[in-house]
Amino acid sequence: MIHIDGAAQIATLGGAGMKPKIGREMAELGLIEDGGIVIEDGKFVFVGSSGEARRYVEQHSGGKPVTVLSAAGKTVTPGLIDPHTHLVFAGSREFELTLRLQGAKYLDILQAGGGILSTTERTREASEEQLMAEAERRLDRFLAHGVTTVEAKSGYGLRLADELKQLRVARRLNAVHPVELVSTFMGAHAVPPEYKGNTDAFVRTVIEEMIPAVARAGLAEYCDVFCEKGVFTVEQSREILMAGKRWGLKPKLHADELVSGGGAELAAELGAVSADHLLHASAEGIRRMALKGVIAVLLPGTAFFLMAPPADARSMIDAGVPVALSTDRNPGSSPTESLPFIMNLACLTMKMTPAEVLTACTLNAAHAIGRASDIGSIEAGKQADLVIFDAPNYQYLQYHYAVNLTDTVLKKGRVVIHDGKRVTA
C-alpha cells in the first residue's frame, strides 16, 4: 500500500465519466485541497482529504507495510499523457534550424530530400537495437518530465520492413520501460524517394501491403496519414484511413498543419479519434469535429519551433471540440520531450487557461489514445499513474515556465521518479 499524504492540492480530473471534457468542463479539475491518495495493487483505492486518507489507511492496511510519500506543499496530478509523438527514429536534424532561420519552408526542405526523408534514410540504415537505444533515452526524458504514457507513430521507414522495424521497437519498449506506449502506423508520412512523382502507386503499397502486414502482426492500434498539400490529398488520405479501418486500425490524421486543406472535415467524416496540428483548420471543419466528437490534438511546440502562428485553441474550445495537447516529439519540427514546456506554450501562445491545459494533457489526452477507462484521472479503480509536482498549486505549473517541476512519478502504483531522479529498483 502507498499513501500520498498531505498534498497542498490534488487535481483529480474526476467526475467526467467516459467522455472527454469540452467547453467550460475543461476548467473543472476536481480539486482537493490538503488531500491524500491511497494506492494498492497498482490502482487508486481512495482519494479525498488528508484526514480521510489517513483513516482509510488505518482501517484497511491490515498490518501490511505502508509506504508514505509526503506531498506537503506540492501539487498532485494524474500522470501526464502525450498522445502524438514520432518516438522511434535514428539521428537528428539540427542543421535544418539554420535553413529555416534563413527562410526555407518546411515543405521546401522536404521536397529537396531533407526533412522526413532525411530521417527516413537514417532510420532505414539503423539496426533495431540502435533504434531501441535512441528511443529509450527519449522515453527516459519524457518520464523525468512527468509523462507516463506516450503514443508512438511509425512513419520514418516508408517501406514495409522498416515500418515494421519501428513498430517492433515500440512494442519492445512498452514491455521494458515504465512509460506505457500506444502504437500508431503512419506509413503515409511522406512519399519515399523511390516513389517520387508516383504518389498514387505508393498509396496502393500502403493500402495493399503495409496495412495488412501491420494488422496481421498486431503491431499498431491506430492508422495515421499526413493529409497535407504536397504530401497526401484528402482523397488519398481517405483511401488509406478507410483501408486501415477495414483492418481494424482506428483513424487519426495530421490535418491542416501548413494550409487549410479539408483535413478537419475528413476527420469528422471518417469519425477519426483525433485530428492533429490544425493550425489552419477551417471554421466549418471545427464545427464538424465538434459534432462528431473528434479530439483536436494541438501541438504548440511545433508551431513555436517552425515560427508559425499556433492553432486557434480558443475557437475550438468555444465550439465544443475536446482539446488535447502533445509535444509532437520528432527530429525536425519539435525536438523536445518536455510536455510541461508545451503546457506553458499552450497558455502563452494559444491563450488556454492553466486548468484547460491540465485537462488537455491528462483526461482528454487519454481519450485521444483510447485509454481513458484506465488513465487520465485520479479515481478509485483506475491505474495509479500520477505526478507530484514541486508546486503549491496547479496554476504555478504554467506560471513558472520552462522549468521541470517534476518531483515524484508513479506508474502503475510504482515509484519510478523520486526527488527528480529515476528509481530503477
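Visitor: In this predicted model, which residue is the bridge partner of Val76 in β14?
Guide: The model is predicted. Strand β14 covers residues 386-389, and four bridges join β14 to β5, with the two strands running antiparallel. In β14, the bridge partner of Val76 is Ile388.

Visitor: In which sense do β1 and β5 pair, parallel or antiparallel?
Guide: Strand β5 spans residues 75-78. Over two bridges, the sense of the β1 and β5 pairing is parallel.

Visitor: Is Asp5 buried or exposed?
Guide: Asp5 lies in strand β1, residues 2-11. Its relative accessible area is 17%, and the cut-off for buried is under 20%. Asp5 therefore counts as buried.

Visitor: Which residues does Asp5 touch, apart from those up to four places away in sequence?
Guide: Glu228 is 223 residues from Asp5 in sequence, and their C-alpha atoms are 49 Å apart in space. Contact requires heavy atoms within 4.5 Å. The residues that Asp5 touches are Gly35, Ser50, Arg54, Val68, Leu69, Ser70, Ala71 and Ala72.

Visitor: Which residue in the turn between β2 and β3 has a positive phi?
Guide: Strands β2 (residues 31-40) and β3 (residues 43-49) pair in the antiparallel sense over six bridges. Gly36 has Gly48 as its bridge partner in β3. The two strands form a hairpin with two residues between them, and the turn residue with a positive phi, about 55 degrees, is Asp41.

Visitor: What is the relative accessibility of Glu151?
Guide: Glu151 sits in strand β7, residues 147-153. Leaving aside neighbours within four places in sequence, its contacts are Asp82, Pro83, His84, Thr85, Val182, Thr184, Lys252 and Ile369. Glu151 counts as buried because its relative accessibility is 0%.

Visitor: How many residues of α4 are buried?
Guide: Helix α4 runs over residues 116-125 and is mostly covered. Its buried residues are Ile116, Leu117, Ser118, Thr119, Thr120, Thr123 and Arg124. Elements that cover them include α2, α3, α5, α6 and β9. Of the 10 residues in α4, the number buried is seven.

Visitor: Why does Leu97 count as partly exposed?
Guide: Leu97 is found in helix α2, residues 95-101. Partly exposed is the class between the buried cut-off of 20% and the exposed cut-off of 50%. Leu97 falls in that class because its relative accessibility is 36%.

Visitor: Which residues make the nonpolar surface patch of about 300 Å²?
Guide: Leu97, in helix α2, is one of the residues in this patch. The nonpolar surface patch is made by Leu97, Leu101 and Met307.

Visitor: What span is expected for helix α8 at 1.5 Å a residue?
Guide: Helix α8, residues 234-246, has 13 residues. From its first C-alpha to its last it reaches 18 Å. That reach is close to the expected span, 18 Å.

Visitor: What covers the buried residues of α8?
Guide: The buried residues of α8 are Val234, Gln236, Ser237, Ile240, Leu241, Ala243 and Gly244. After the helix comes Gly248, with a positive phi near 85 degrees. The cover over the buried residues of α8 includes β8, α7, β9, β10 and α9.

Technical notes. Residues are numbered from 1 along each chain as its sequence is written. This is a predicted model: local features need pLDDT of at least 70, side-chain atom pairs count only at pLDDT 80 or more; totals for chains, interfaces and linings use all residues. Side-chain values use heavy atoms; hydrogens and water are left out. The expected span of a helix is 1.5 Å times one less than its number of residues. Buried means under 20% relative accessible area, exposed over 50%, partly exposed in between (1.4 Å probe, protein chains only). Patches are made of residues with over 30% relative accessible area and no salt bridge: like charges are joined within 9 Å, nonpolar side chains (Val, Leu, Ile, Met, Phe, Trp, Tyr) within 5 Å. Accessible areas come from the Shrake-Rupley method with a 1.4 Å probe; for residues, only the protein chains shown count as cover. A salt bridge is a side-chain nitrogen of Lys or Arg within 4 Å of a carboxyl oxygen of Asp or Glu. Two strands pair if DSSP finds at least two bridges between them.
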